[in-house]
Amino acid sequence: DNTGAGASWHLDHIVVRNLKSGAQALVPGRCWFAVSHGDGATERTLDVAPSIQPPTEYVVSCVTSDIRGAGTDADVYVVLHGAFGSSPRIMLPSAPEDFERGTKCAFAIATPDVGDLQQLTVSHNDKGASPAWHLSYVEVVHSETGSTWWFLCNQWL
């Protein structure tokens with residue numbers, strides 16, 4: 001009913017899983033459910049993504065540069081772009097000590113297989129006491145095949 005404090009909600013995606021068969025369906029959202037954000041809608045009909053395959057695990061490793069102030073307190077997000085399409089925007093499940101100066105932090109994420117990677121979008125939400133982040137590079141490994149991709153950044157985000 002969009003009442004109360006903090007009634008706004010941004011839906012990234014929903015994964016629907018059949019508990020008996022294990023089959024999964026990805027329902028992308030990437031939209032606001034809020035009167036005060038986006039198009040103001042609080043109800044939507046969402047379509048299942050064309051790919052209803054089991055999720056693929058990737059290991060995403062972020063290397064923070066070893067320069068003064070390079071670490072971030074913000075939440076970090078990635079989108080994998082590959083030959084079969086793009087993943088949803090995924091928040092990396094970090095702990096407070098992650099993304100510090102000169103560190104390499106690895107995160108296992110699951111998403112439908114996007115094929116051979118072509119691009120990576122990395123972002124943060126600009127939250128926390130020190131949100132600026134100097135990212136050196138990101139390494140992504142396909143857990144099943146061992147295929148590895150490196151994305152150089154070497155700049156402030």
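1. Basis. The model is predicted: local features need pLDDT of at least 70 and side-chain atom pairs count only at pLDDT 80 or more, while totals for chains, interfaces and linings use all residues. Residues are numbered from 1 along each chain as its sequence is written, and side-chain values use heavy atoms, with hydrogens and water left out.

2. Secondary structure. Strands here are DSSP runs of E with at least two residues, helices are runs of H or I with at least four, and both are numbered from the N terminus.

3. Extent and burial. Along the principal axes, the C-alpha atoms fill a box of roughly 45 × 40 × 25 Å. Of the 157 residues in the chain, 38% are buried. Buried means under 20% relative accessible area, exposed means over 50%, and partly exposed is in between (1.4 Å probe, protein chains only).

4. Contacts and surface. A contact means heavy atoms within 4.5 Å. Among contacts with a separation of 6 or more, 63% are between residues 24 or more positions apart. The chain exposes about 9200 Å², and carbon and sulfur atoms supply 51% of that area; the areas come from the Shrake-Rupley method with a 1.4 Å probe, and for residues only the protein chains shown count as cover.

5. Charges. There are 9 positive and 17 negative charges, and their mean positions are 1 Å apart. Lys and Arg count as positive, Asp and Glu as negative, and His and the chain ends are not counted. Each charge is placed at NZ of Lys, CZ of Arg, CG of Asp or CD of Glu.

6. Annotation. An unreviewed UniProt entry lists "domain: PLAT" for residues 1–47 and 56–157. UniProt positions are given in the numbering used here, feature names are shortened, and annotations may be inferred rather than shown by experiment. Residues 56–157 are 53% strand and 0% helix, with their end C-alpha atoms 28 Å apart.

7. Asp12. This residue is in strand 1 (residues 9–17). Asp12 counts as buried because its relative accessible area is 18%. Its side chain makes a polar contact of 2.6 Å with the side chain of His13, and a polar atom of the Asp12 side chain lies 3.5 Å from the backbone nitrogen of Arg89. A polar contact is a pair of N or O atoms within 3.5 Å; within protein, one must be able to donate a hydrogen and the other to accept it, and residues adjacent in sequence count only if both atoms are side-chain atoms. Beyond four places in sequence, Asp12 contacts Pro28, Gly29, Arg30, Pro88 and Arg89.

8. Pro28. This contact partner of Asp12 lies in strand 2. Pro28 is partly exposed because its relative accessible area is 29%. Pro28 and Asn154 are 126 residues apart in sequence, and their C-alpha atoms are 31 Å apart.

9. His142. Strand 9 (residues 134–142) holds this residue, which is buried at 6% relative accessibility. The His142 side chain reaches the backbone nitrogen of Thr145 at 3.2 Å. Beyond four places in sequence, His142 contacts Thr56, Glu57, Tyr58, Asp113, Ser147 and Trp149.

10. Gly40. The loop between strand 2 (24–33) and strand 3 (56–64) contains Gly40. Gly40 is partly exposed, at 26% relative accessibility. Its contacts beyond four places in sequence are Ala34 and Val35. Gly40 and Ser8 are 32 residues apart in sequence, with a C-alpha to C-alpha distance of 9.9 Å.
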